[in-house]
Amino acid sequence: MAAFSATHCRSYSYSHSSSINGGQNQPFSFSSFSRLSVPAKAIRNSLQTVVLMQDGVVATKVTPVEKETPKEKLKDELLSVTSTKEWDEKAGFDSNENESTVSITVVGASGDLAKKKIFPALFALYYEDCLPKHFTIYGYARSKMTDAELRNMVSKTLTCRIDKRENCSEKMDQFLKRCFYHSGQYDSEENFAQLDKKLKRHEGGRVSNRLFYLSIPPNIFVEAVKCASSSASSGNGWTRVIVEKPFGRDSESSAVLTKSLKQYLTEDQIFRIDHYLGKELVENLSVLRFANLIFEPLWTRQYIRNVQIIFSEDFGTEGRGGYFDNYGIIRDIMQNHLLQILALFAMETPVSLDAEDIRNEKVKVLRSMRPMRLEDVVIGQYKSHSKGGVTYPSYTDDKTVPKDSLTPTFAAAALFIDNARWDGVPFLMKAGKALHNKGAEIRVQFRHVPGNLYNRNFGTDLDRATNELVIRVQPDEAIFLKINNKVPGLGMRLDRSNLNLHYAARYSKEIPDAYERLLLDAIEGERRLFIRSDELDAAWALFTPVLKELEEKKIIPESYPYGSRGPVGAHYLAARYNVRWGDLDIE
């Protein structure tokens, strides 16, 4: 198995079992024979008995060599020290066949996601020496473009790490030389076959591993996968496909999409990306819980009163309303990003850190969740609002949105997990656009101290004295624990203070973008942060009934002003479960 290692990254171990056409084992390297202290004649007579052992050791069952003349013996000794390259050439093997290469094709290369996220993430990996020695990047889209035009487009979005500015322009130039472009239709096998020929030229006879990133609308996923599988898959390495959300609109459409993709791909080849799972603080969830003794015993209904998962944006759809109106905030944010965070937060301790063990536990959480009820959901839609002499538009002012649209731009929901650990604990989700700030966080509010000796010092609002663990996913990443503390002085006055881990202050290294981590994982074949098909089924099974009820009953969203904290109904929903939204307090 070929292995690549990088200076600052995890080692790459490439398995060839997941190529679209079934995959083939990588050719055995005969160059290792030149390192054996065995006469060359013996090697030639015993090639058929060579066994490749673990860790690359070669064991040979050497056939006894007939008595040799001094001349033959000298010839064998000279052959036994023949260089690797010379041996391969004499044996008729191309030395490139013993190396691997990775070809990354960004399908939909002219789109915003590719320009703003995918190409910059690939460059960041290259800048950190995380990509293998041999790699090629191809942009594929319908737009007519030359290699030079693609490089010019990509170069405008590339930046170097704040903590590593040296040789930045040189690194950019080297990276851009690895970027190429091929114009073609997404449903054309002929165009993908032309791409295949170009990829093979760059691969140069090496074992080819190919990664396709589908940065295209979901309605053409299947056609693109079909063409890639039939015309541009690897012949001797792996082929993997990254699929962007949305993965359908409901259980039925999601199942159809999965079934269609699996006509051409195995489950192991499909990497359903949810970029929120690649965020540093989300990945740190399991470390925080399972690597710190103080947290795991508290991670239960006995100590936790409620959990809040909050997502907010301080801007509206801004011309993207045509796409958004077809999905809404529940499908766009809650059913994937927030639900995935909930599953990671609430899962039981996995058997290991293996991808399947972690995903098995996440699926158990999703399957244990109580069916959602319409009365446990609040939806809203932002309206026009003037502030500071500036007038902000309403959702329906977006020219790409129908004037009578009932699509929610805000949603809050109460969810419950019916298992022994979380029985009765409300998990409150809230997501919205055009709110007062931008951020994403997880808030864990603990129960009140029973028989608290200092109750009289807190006054009547005991909620303000509640211990709270806050994991701020973005921006300004941080983890802080709210505790009660005595204010210095002769009296007994209590204060609520934060034990704070502020990432920017603690770590000088810039936090990688989520797409960097997920792209690296896909190249390595690490599936831990990608969504499995049964996870997807369980997630849609939870949300589909309430989504259909909202649409069939044409529930009118509650209006809220652009730049506010959202509709009032969200506060009533929280109050019903004796919960106060944690983001209402000023940190």
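This is a predicted model: local features need pLDDT of at least 70, side-chain atom pairs count only at pLDDT 80 or more; totals for chains, interfaces and linings use all residues.
Residues are numbered from 1 along each chain as its sequence is written, and side-chain values use heavy atoms, with hydrogens and water left out.

**View A. The cover over helix H8.** Helices (H or I, at least four residues) and strands (E, at least two) are DSSP runs, numbered from the N terminus. Buried means under 20% relative accessible area, exposed over 50%, and partly exposed in between (1.4 Å probe, protein chains only). In helix H8 (residues 221–231), the buried residues include Phe 221, Ala 224, Val 225 and Cys 227. Among the elements that cover the buried residues of H8 are helix H7 (189–203), strand E8 (207–214), strand E9 (239–244) and helix H9 (251–261). Cys 227 has a relative accessible area of 1%.

**View B. Strand E12 and its neighbours.** Because 6 of the 7 residues of strand E12 (residues 377–383) are buried, this strand is largely enclosed by the rest of the structure. Two strands pair if DSSP finds at least two bridges between them. E12 runs antiparallel to strand E15 (residues 410–415), with 4 bridges joining them, and Val 378 stands opposite Ala 412. On strand E21 (residues 558–561), 4 bridges join a parallel partner to E12; here Lys 383 has Pro 561 as its bridge partner.

**View C. Asp 398 in its loop.** Asp 398 sits in the loop between strand E14 (390–392) and E15. Its side chain makes a polar contact with the side chain of Thr 317 at 2.7 Å; such a contact is a pair of N or O atoms within 3.5 Å, where within protein one must be able to donate a hydrogen and the other to accept it, and residues adjacent in sequence count only if both atoms are side-chain atoms.

**View D. A salt bridge between Arg 576 and Asp 376.** A salt bridge is a side-chain nitrogen of Lys or Arg within 4 Å of a carboxyl oxygen of Asp or Glu. The side chains of Arg 576 and Asp 376 meet in one (3.2 Å, N to O). This pair links distant parts of the chain, 200 residues apart, with Arg 576 in helix H18 (residues 569–576) and Asp 376 in the loop between H13 and E12. Arg 576 is partly exposed at 48%, whereas Asp 376 counts as buried at 4%.

Key. Contact means heavy atoms within 4.5 Å.
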